[in-house]
Amino acid sequence: MLVTPWSRDMGLRAPIVNAPMGGVAGGRLAAAVTAAGGLGMIGMGSAGSVSRLSGELAALGEISGPFGIGVVDWVLAREPGLLDAAVAARPALISISFTEDFAWVDRVHRAGIAAVTQVYDAEQARRARDAGVDVLVARGAEGGGHGTPALGTLPLLDAVLDAVDGPVLAAGGISSGRTLAAVLAAGAAGAWLGTRLSMCTEARTPDRSRAALAGADGTDTVTTRVFDIGQDLPWPARFPSRVLRNDFTRRWDSRADDLAGAPEARDALAAAMAADDPAVAPVDAGQGVGLLTGSRPAREVIENLCATAEHSLRAWSGD
């Protein structure tokens, strides 16, 4: 069995947490990841709301293991009841990221819930730990979706582990059993997986986006702000998003600020998103996307990742 002290303490059979990907990580995926021995997370991304969380909690159903909820900081400012709803759901973890404000940590702790946040350098890790955050996610530049592309996953993990005590999960580019073994051997308490689990049959990823992910190479991603600007989303500039390169990024990435005066482009983006057209619409993807070939159940994916990682670690140690 592949375990770490943190995963054992959490009652997990696999040191894997699914990233709370907005629009992808719903209750059904969270339930499947937890059933497979990991820790399933429901994601409340840019479109997060109390009603959406309620729907995903209903899809979660009755599960026998821990689950978590992930929320974006600026969405909480827009949806003030969302944190109340998340706390009321009694998850094991609540993750709030993309912020330097840790006032929420005490609120989560008073409810007996562990606090989680993503970090991008050692100094931010120290601030988060000093604020009482229980679990840090060292999210490397390889990761899909939003984040600060400052350091690669392994250099970042090394820096954070040197800077703080306590559990640190690794995120970014972890799409195989070998890369899972690498971060565990480097000292991670577990892996925070996004792109690899976005192709699971239980994920809410639309069909044409799945096909685009399955057909992509690891070099087919780009870090950009064009989709946030094109949708008028108030993501801070320091958190661009890694997505599949497409016609929209090729046209607008070098002149993203011009999108504010291009209503026809913004309308085309909205239409493409409604139609799940990955030639124009955003598809979040990390640099491990080239290893994805098709959709499989979360249990099968997690079992394969853990078996391969365990084999790699045993071979490395000579056992």
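I take buried to mean under 20% relative accessible area, exposed over 50% and partly exposed in between, with a 1.4 Å probe and protein chains only. The model is predicted, so I note that local features need pLDDT of at least 70 and side-chain atom pairs pLDDT 80 or more, while totals for chains, interfaces and linings use all residues. Residues are numbered from 1 along each chain as its sequence is written, and side-chain values use heavy atoms, without hydrogens and water.

**Cysteines.** I searched the whole structure for disulfides (cysteine sulfur pairs within 2.5 Å) and found zero. Cys200 is in none, the nearest cysteine sulfur being that of Cys306, 12 Å away. That is too far for a bond. Cys200 is buried at 1% relative accessibility, and Cys306 is buried at 9%.

**Cores.** I looked up nonpolar cores, sets of buried Ala, Val, Leu, Ile, Met, Phe, Trp, Tyr and Cys residues joined through side-chain atoms within 4.5 Å. The largest has 83 residues, and Leu136, Val160, Leu180 and Trp192 have the most contacts inside it. Helix α15 (residues 298–317) gives the largest share of this core, six residues. Apart from it I found another core of 15 residues, among them Val243 and Phe248.

**Leu136.** I listed its contacts (heavy atoms within 4.5 Å), leaving aside neighbours within four places in sequence; they include Thr117, Arg129, Val160 and Pro167.

**Positive phi.** Arg90, not a glycine, has phi near 60 degrees. Arg90 sits in the loop between α5 (82–88) and β4 (93–97) and is exposed at 54%. Helices (H or I, at least four residues) and strands (E, at least two) are DSSP runs, numbered from the N terminus. Asp232 also has a positive phi, about 60 degrees, and is exposed at 55%.
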